[in-house]
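This briefing is meant for a reader who is meeting the structure for the first time. It opens with overall features and then turns to individual sites.

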Amino acid sequence: MSREFGELILDLQNVSLAFGGVKALTDISFDVREHEIRAIIGPNGAGKSSMLNVINGVYRPQQGEIILRGQHFTRMNPYKAACAGISRTFQNIALFKGMSVIDNLMTGRNLKIRSNLLQQAFWWGPARREELAHRARVEEVIDFLEIQHIRKTPVGRLPYGLQKRVDLGRALAMEPSILLLDEPMAGMNVEEKQDMCRFILDVNDQFGTTIVLIEHDMGVVMDISDRVVVLDYGRKIGDGVPDAVRTNPEVISAYLGASH
Amino acid sequence: MLYRENGQFKTSYAADQQIFAIAQDRWAILAIIVFALVGVPLLVDEYLFRAILIPFLILSLAALGVNILVGYCGQITLGAGAFMAVGAYAAYNFHIRIDGLPLLVSFLLGGCTAAAVGIVFGIPSLRVRGLYLAVATLAAQFFTDWVFLRVPWFTNNASSGSVSVANLQILSWRIETPVDKYLLCLTILVVFALLAKNMTRCAIGRQWMAIRDMDVAAEVIGIRPLFAKLSAFAVSSFFVGTAGALWGFVHLASWEPAAFSVDRSFQLLFMVIIGGLGSIMGSFFGAAFIVILPIALNQFLPAIGSVFGVSISTAGVSHAELIIFGALIIFFLIKEPHGIARMWSTGKEKLRLWPFPH
Ligand SMILES: Nc1ncnc2c1ncn2[C@@H]1O[C@H](COP(=O)(O)OP(=O)(O)OP(=O)(O)O)[C@@H](O)[C@H]1O
Ligand SMILES: [Mg+2]
């Protein structure tokens, strides 16, 4: 597979993160290029989710720097990350349980809302027009993910596989330039996984979104990602195109050594 | 006509986003409002206005405010009574200190003052939640109790904090009879309910609910907890404060700080739990229930008792009231956290499909 990638869009340099005595990440450097699908793999507890949390500012690393489109951040926070066009899904679905699918997706439009509280209270022209315009965009996401039939359902009532899809939908509604996916296919059956793969590839293809993906299913990872980084006990033990990573002896031993 | 949405196809998102998406609901609400404005004043006697309808309307307004904070934004509060007090005393001060200030403006300024105080007492919510936040808001209660009792300026040097207002007038409309008071409260309530509904279906309402349901995810999506929480405190306190001003000026006419004690805070919280957390309609159900229950018990409990040959004293009735409230709160918290409003909507959902349940 030969694909053209753009500039460096995201660059992590020497990031270390610890929780008390637990070292979640040790001196990790890793970069992401525009338009690529970048996978992060590794055994349980390797620090994959922590890495995503560092990228969008949920966790603050003790050391290291994040460079986003040439801009240096020592302290990222979730709001700044969202403004910079980073959106994500969560390993343990973090949808707004009391709200309908549409409302969940509409929250993804939040940063683009310009009308103020008073205009909204009076359902004033700008607020109303805005609401309609964003609804139309959200409907496009709903069509894209083929979830028209559940648009009014409270998300708490949906089966797991569909919740994962709505979680992706909410992230897509932000029209991100970088999309972080934390195990989007965990717990899914084969058919659901195929659907999810198709959505991820389509997003990458149609909208040019850069994707950072954590996934345990090796078949999927080797299939859809352009470059793979391998973590083990918070250290980086491999980085490169899928074929190179697959034959890396350190990676093989980490995977054979770890119960999986 | 059957309760159906068959044939009511929505051809635009605008139609789909209406407050009442089903035509029957729209007509029903319109009919209720018209009846409340025209029919009720013709049918109801003075006692009912004073004892039930006016308190119901004002407490509905306050419950609406509490529901915005507790039900929509998920921030618990035990300070609603305090914000009512702030609204009432602030409106009083604007009323007596600024000559010729229109009455409605005094009310709204009372609400705004309550909003400002609400923001201050909402600041702890940025750090703590649940029980700790409840205690922090309880502090507002004790603080205002103290201020209005001990700082004479706020009560125009009245002893023991008791103040009174007279000769209420809006333009040339003198608000004297219970019917006048009822119509004033009704109008304000309808307008405020509409504002609340608009906010909760717009971006700001989604921000509140997102913070309530999953605050980490909300932040990741670009919602600032600071703005979402404090705006909920402000809007909620504005509603509650305006209700406080109405309670003082229109319902009581003369009052002291005890009118807005911690009992009131609990009562408002119970209203939204029983009526339905996170539901505009629920605020009305809850207020109606809590206003009517004691009166109904007073009427019927002694009668029921005498059938069985037991005489029930007034003290017995008020004990029974507490027991019933307690039992209901526990029932709703365990069985139906969305209160009467949810029972109502499940009922309607069944009715939509009736008589074919599948
Ligand atoms: N909030 C936290 N507080 C304390 N320790 C944490 C926290 N988050 C992660 N850790 C620890 O950091 C290490 C890495 O966790 P992380 O969730 O990043 O692993 P992972 O690679 O995503 O694993 P999995 O495949 O199970 O999702 C683990 O030892 C974990 O216990
Ligand atoms: Mg993980």
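**Briefing on the two chains**

Of the 358 residues in chain B, 48% are buried. In chain A, 56% of the 260 residues count as buried. The model described here is a predicted one.

**Chain B as a whole**

- Chain B contains 14 helices and 4 strands. Its radius of gyration is 21 Å, close to the 21 Å that the globule rule gives for 358 residues, so chain B is as compact as a globular protein of that length.
- Taken along the principal axes, the C-alpha atoms of chain B fill a box of roughly 65 × 65 × 45 Å.
- When contacts in chain B between residues at least 6 apart in sequence are considered, 74% of them join residues at least 24 apart.

**Chain A as a whole**

- The secondary structure of chain A consists of 10 helices and 10 strands. With a radius of gyration of 19 Å, close to the 18 Å that the globule rule gives for 260 residues, chain A is as compact as a globular protein of that length.
- The C-alpha trace of chain A spans about 60 × 40 × 40 Å along its principal axes.
- Among contacts in chain A with a separation of 6 or more, 67% are accounted for by residues 24 or more positions apart.
- Chain A has an accessible surface of about 11400 Å², and 50% of this belongs to carbon and sulfur atoms.
- Chain A carries 30 positive and 32 negative side chains, with 7 Å between the centres of the two sets.

**The magnesium site**

- The magnesium ion (ligand 2) is coordinated at 1.9 to 2.1 Å by OG of Ser49(A) and OE1 of Gln91(A). Ser49(A) belongs to helix α1 (residues 48-55) of chain A, while Gln91(A) sits in the loop between β6 (86-88) and α3 (101-107), so the pair ties together parts that are 42 residues apart in sequence.
- Gln91(A) counts as partly exposed, at 31% relative accessibility.

**Selected residues of chain A**

- His134(A) is found in helix α5 (residues 125-144) of chain A and counts as buried, at 7% relative accessibility. Apart from neighbours within four places in sequence, His134(A) is in contact with Met106(A), Arg109(A), Lys112(A) and Ile113(A).
- His35(A) is located in the loop between β2 (22-33) and β3 (37-41) of chain A. The phi angle of His35(A) is near 75 degrees, a positive value in a residue other than glycine, and His35(A) is partly exposed at 35% relative accessibility.

**Selected residues of chain B**

- Asn167(B) occupies the loop between β1 (163-164) and β2 (169-170) of chain B. It has a phi near 55 degrees, which is positive in a residue other than glycine, and at 64% relative accessibility it counts as exposed.
- Leu37(B) lies in helix α2 (residues 23-43) of chain B and is partly exposed, with a relative accessible area of 40%. Not counting residues up to four places away in sequence, Leu37(B) touches Leu183(B) and Leu186(B).
- Leu37(B) and Leu269(B) are separated by 232 residues in sequence and by 28 Å in space, C-alpha to C-alpha.

Terms used
Residues are numbered from 1 along each chain as its sequence is written. Chains are lettered from A and ligands numbered from 1 in the order in which they are written. This is a predicted model: local features need pLDDT of at least 70, side-chain atom pairs count only at pLDDT 80 or more; totals for chains, interfaces and linings use all residues. Side-chain values use heavy atoms; hydrogens and water are left out. Donors are N, O and S atoms within 2.8 Å of the metal (3.2 Å for Na, K and Ca); water is not among the atoms, so sites may look incomplete. Helices (H or I, at least four residues) and strands (E, at least two) are DSSP runs, numbered from the N terminus. Buried means under 20% relative accessible area, exposed over 50%, partly exposed in between (1.4 Å probe, protein chains only). The radius of gyration is taken over C-alpha atoms; the globule rule is 2.2 Å times the number of residues to the power 0.38. Contact means heavy atoms within 4.5 Å. Accessible areas come from the Shrake-Rupley method with a 1.4 Å probe; for residues, only the protein chains shown count as cover. Lys and Arg count as positive and Asp and Glu as negative; His and the chain ends are not counted. The place of a charge is taken as NZ of Lys, CZ of Arg, CG of Asp or CD of Glu.
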